[in-house]
Amino acid sequence: MSSVLGTYARKPISFKEGKGTYLFAENGDKYLDFVQGIATNILGHCHEHLVRAIEIQSKKLWHVSNAFIIPEQERLAKRLTENTFADFVCFQNSGTEATEASIKIARKYFHKIGKPEKNRIITIKGSFHGRTLAALFAANNPKHTEGFGPKVDGFDQVSFGDEKALKKAINKNTAAIMVETILGEGGIKVVPDFYLKGLRKLCDENNVLLILDEVQSAYRTGSFFAFEKSGIIPDIVPIAKGIGGGFPLGACLLTKKASAGMTVGSHGSTFGGNPLAMAVGNAVLDIIYSKNFLKDVEKKGTYFDQELKKIKDKYPKVIEEIRGRGLMKGIKMIVDNTEFIKKLINQKMLTVKAEENVVRLFPPLTVDNKELDEAIIKIETVCKEMS
Ligand SMILES: Cc1ncc(COP(=O)(O)O)c(C=O)c1O
């Protein structure tokens, strides 16, 4: 019997090694890994550049308190702000801490400008923002909140795409609207660019901040952020998962305006932004910023999308829809997604489910077309089996 608290429905497989797109089980079986720690090992397993960065840093300095200047942190923050909408970055260790920090930043902004009554956040039904109490009640999914009351107040929810309800929900107490640019756990539902533009306009008209949760989608869609093609500038963007390439790292990116209330002592974290984490974060960025890297991700994403759509057309009774952007894909199944995932495991391919009967596919950004073809063959084999 395991001594680990049983909060996960674990599959009876464990792995001894990972290399790029593949995982190797204890029994020697080789798996095509399109889970990648749920969109986290963005450069695949044990990427050489990351291994080297961690090796070098681990011999120099692991951790110092944020009471001191941390040059690696300054460097990563500079690189993130120079290339994005953001003026400032605050480092965390996970996605939920990054979304939680975003909520705090939004509330503190209005406190600072003399409007403390503006402290409620509007969120979207079916979202996921993490497992801290505030993040749980922000998403308000009864599956996750049951038994964890009293409810954390301060959140108002509207349905995905319901513009009328959203307009109605905004009132004098609204501080921010928080939306995942692509609802990940919710089923890889992409918020269309025109809708993001509408959100920005609505926020501006009502003196409300816009938080775009890119914890799952940052770096993954062929651009730095999934919202970029919409041309809008958000106020606050929590990111995590891929930015550490598998090392626990979260961050909150924000504009100068949104930072107004965040003075000395207003937020902190023991581990957030320590030298070891920063070395990995910088190493991930070296690759992300390398010439044509994100363009290639977009190309690979388009290729994968086309091939998945061919399977969908061939098996219309198995697959309803192909969703997603870049290398963040979802297959909305007609057949049961759990069964489909089990059969893919028999084909030695790993995927992960989401709401709305979706199977999520998170190949590493380093995947090549041969590996994408391998995935397509395995997915088609299971479609044939289940049709
Ligand atoms: C959009 C989004 N926000 C927040 C989180 C929470 O991240 P973490 O599990 O690192 O706390 C997740 C995790 O899946 C997520 O997908």
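Helices and strands here are DSSP runs, a helix having at least four residues and a strand at least two, and they are numbered from the N terminus. The model is a predicted one. C46, for instance, sits in the loop between helix 1 (36-39) and helix 2 (48-60).

C46 has a phi near 50°, a positive value in a residue other than glycine. Is C46 buried, exposed or partly exposed? Buried means under 20% relative accessible area and exposed means over 50%. C46 has a relative accessibility of 46%, so it counts as partly exposed.

K241 counts as partly exposed because its relative accessibility is 22%.

Another loop, between helix 6 (142-145) and strand 6 (155-158), contains P150. The peptide bond joining G149 and P150 is cis, with omega about 0°.

Now consider the whole chain. The protein has twelve helices and 17 strands. Its radius of gyration is 21 Å, close to the 21 Å that the globule rule gives for 387 residues, so the protein is as compact as a globular protein of that length. Along the principal axes, the C-alpha atoms fill a box of roughly 60 × 55 × 50 Å. Among contacts between residues at least 6 apart in sequence, 71% join residues at least 24 apart.

What share of the 387 residues is buried? Buried residues make up 53% of them. The largest nonpolar core has 96 residues, and those touching the most other members are I177, Y219, F340 and I379. Helix 9 (residues 275-288) supplies the largest share of this core, with eight residues. Apart from this core lies another, of 19 residues, including I103, A134, M178 and C252.

Y219 shows how such a residue meets parts of the chain that lie elsewhere in sequence. Leaving aside residues up to four places away, the residues that Y219 touches include I42, L80, V284, L294 and L365.

As for charge, the protein has 56 positive and 45 negative side chains. The centres of these two sets lie 2 Å apart.

Key. Residues numbered from 1 in each chain as written. Predicted model: local features only at pLDDT ≥ 70, side-chain atom pairs only at ≥ 80, totals over all residues. Heavy atoms only, no water. Rg over C-alpha atoms; globule rule 2.2 N^0.38 Å. Buried < 20%, exposed > 50% of the residue type's maximum accessible area, 1.4 Å probe, protein only. Contact = heavy atoms within 4.5 Å. Lys, Arg positive; Asp, Glu negative; His and termini not counted. Charge placed at Lys NZ, Arg CZ, Asp CG, Glu CD. Core = buried A, V, L, I, M, F, W, Y, C linked by side-chain atoms within 4.5 Å.
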